[in-house]
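Thanks for sending this one over.

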Amino acid sequence: MAENLLRIESLHKRFGGIVATDGVTLEVERGEVHALIGPNGAGKTTLIAQISGSLAPDAGRIVFNGADITSLPQHARVTAGLARSYQITSIFKRFSVEQNLALAVQARSGSSFGFWRPVASETALEDEARAIASQVGLAERVNAIAGSLAHAEQRSLEVGLALATNPKLLLLDEPMAGLGPDESQRMIALIHHLRESVSVLLVEHDMDAVFQLADRISVLVSGAIIATGTSGEIRANEEVRRAYLGDEITG
Amino acid sequence: MSDVLLKITGLQTAYGQSQVLFGIEMEIRTGEVVALLGRNGMGKTTTVRSIMGLTRASGGAIELRGKRIERASPDAIARSGVALVPEGRQIFPNLTVRENLEAFAGNRNGTSAPWTVEKVFRLFPRLAERASNMGNQLSGGEQQMLAIGRALVTNPHLMILDEATEGLAPLIREEIWACLAELRRAGQTILVIDKYVERLIKLADRHTIIERGRVAWQGTSAELDADHGLWHRYLGV
């Protein structure tokens, strides 16, 4: 059995009287695309925030790549190999695609911070930025200003920014949001290609994408995992159908 | 045939130097559900923004019940009976569910059986349970129900929904589709933008496909259902 890359043990998080995370235990294996699905308000984004370190759990443990990271700050988790993309696109809109990626590479490598030199003058940064652009399908758009990119391209750039940190695990929060059918298929192809080099924890409501990509699926309802299994097992799970899928069984 | 409620003729809209709409022509008759389709970036939301007066048309005409509105302010257009359920919902986070609804309640189309806050609670029992919760305490699905409820309590002549099912769980999406079908049966005129073509074919009477700011195709649900070449060519399905 593959060694777990991420192990979450009995995680709890409460906001006043609202229980957002209610004893979540979840494992992501190396090389796996693991989808996290669940109703709106089930606590998926809160869970991702605790894994990435932007939110501290009240109790429980997060073990990543063999080390307890529960109390590590967010930037240290990025260094350890955890990268997150957001539901809402967050890029530097006035910078070019290449500058966005070069900045992310630079932030990871700490290569320079020579404030008096333009970032693009560093050939190694530039090369890596272009390689990532190519990886996410933006090779032809490296000089485009990020704010002028189509929505789908911006989402791809955001995945590129996460990749620039050289992650072991990519946390993707609704990467299909706002994409049209053909754009969704391109994003699915991109994630499928990425799995060769990085594990993925995917939060997504697009069931076509989830069923096409996920090795395993965990279902979060009211802050607790009610089922984990393969696509087939999840589709056949009556409790999951009642709580989340309804009759929309696709693929 | 029913009256024409909304008539768009030669609509042109630009953001600065960048023209997005190049002569959109479409009409919506009273009681109809019309879907506006097209890939991202083709001008669907800009068409809606132009109807609402949020982005001023640079040419052409928009008539609501025979009155020109393309130069009117967004608040005047809303008062004349057009309600938008916007992309991103945009409910008031610091008002309760009930307050979010009460702030908009009115009878703009003069119906004898208007939508009231209580009637919205019957349509969405989930909202009734959350009546005292603040907007920012709602899940995405509940926020979407509230955004639809807020449009309904204005009792609009025309209700416009821009990507109302985006980011929603499958079960909640089904609730939204069921709600729209119920509104259709009740005679509500609706213009809807969404990416789920199969659901739109079940819901809508007619469809307008926009491609690069121009109307590429218009027709009925049966016609769209029968021509999957259109889906592939214009919608990327």
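The points below go from conventions to the sheet, its helices and the chain contact.

1. A word on conventions first. This is a predicted model, where local features need pLDDT of at least 70, side-chain atom pairs count only at pLDDT 80 or more, and totals for chains, interfaces and linings use all residues. Residues are numbered from 1 along each chain as its sequence is written, while chains are lettered from A and ligands numbered from 1 in the order in which they are written.

2. In chain A, six strands make an open sheet with mixed pairing, in the order β6-β7-β8-β3-β9-β10. Strands here are DSSP E runs of at least two residues, helices are H or I runs of at least four, and both are numbered from the N terminus; two strands pair if DSSP finds at least two bridges between them. The edges are β6 (82-85) and β10 (224-229) of chain A, each with a single partner strand, so one side of each has no neighbour in the sheet. On average, neighbouring strands are turned by 20° against each other, direction ignored.

3. You can find L82(A) opposite L169(A) in β7(A).

4. Two helices to look at against this sheet are α1 and α5 of chain A. Helix α1 (residues 44-52) of chain A touches β3 (33-37), β6, β7, β8 (199-203) and β9 (216-221) of chain A, and its direction makes about 150° with that of β7(A). Helix α5(A) lies across β6 and β7 of chain A, at about 165° to β6(A). Angles run from 0 to 180 degrees between N-to-C directions, with axes fitted to C-alpha atoms, for helices over the stretch in contact.

5. Helix α5 (residues 151-163) of chain A also packs with α6 (residues 181-194) of chain A, at about 15° and with the axes 10 Å apart. That makes α5(A) roughly parallel to α6(A) (angles under 35 degrees count as such). A152(A), R155(A), S156(A) and V159(A) of α5(A) meet E183(A), R186(A), M187(A) and L190(A) of α6(A).

6. Finally, the chain contact: 18 residues of chain B are in contact with 19 residues of chain A, contact meaning C-beta atoms, placed from the backbone, within 7 Å. On the chain B side, α6 (140-152) and α7 (170-185) of chain B are the elements giving two or more residues. The largest share, four residues, comes from α7(B).

Definitions and conventions. Angles under 35 degrees count as roughly parallel, over 145 as roughly antiparallel, 65 to 115 as roughly perpendicular and the rest as oblique.
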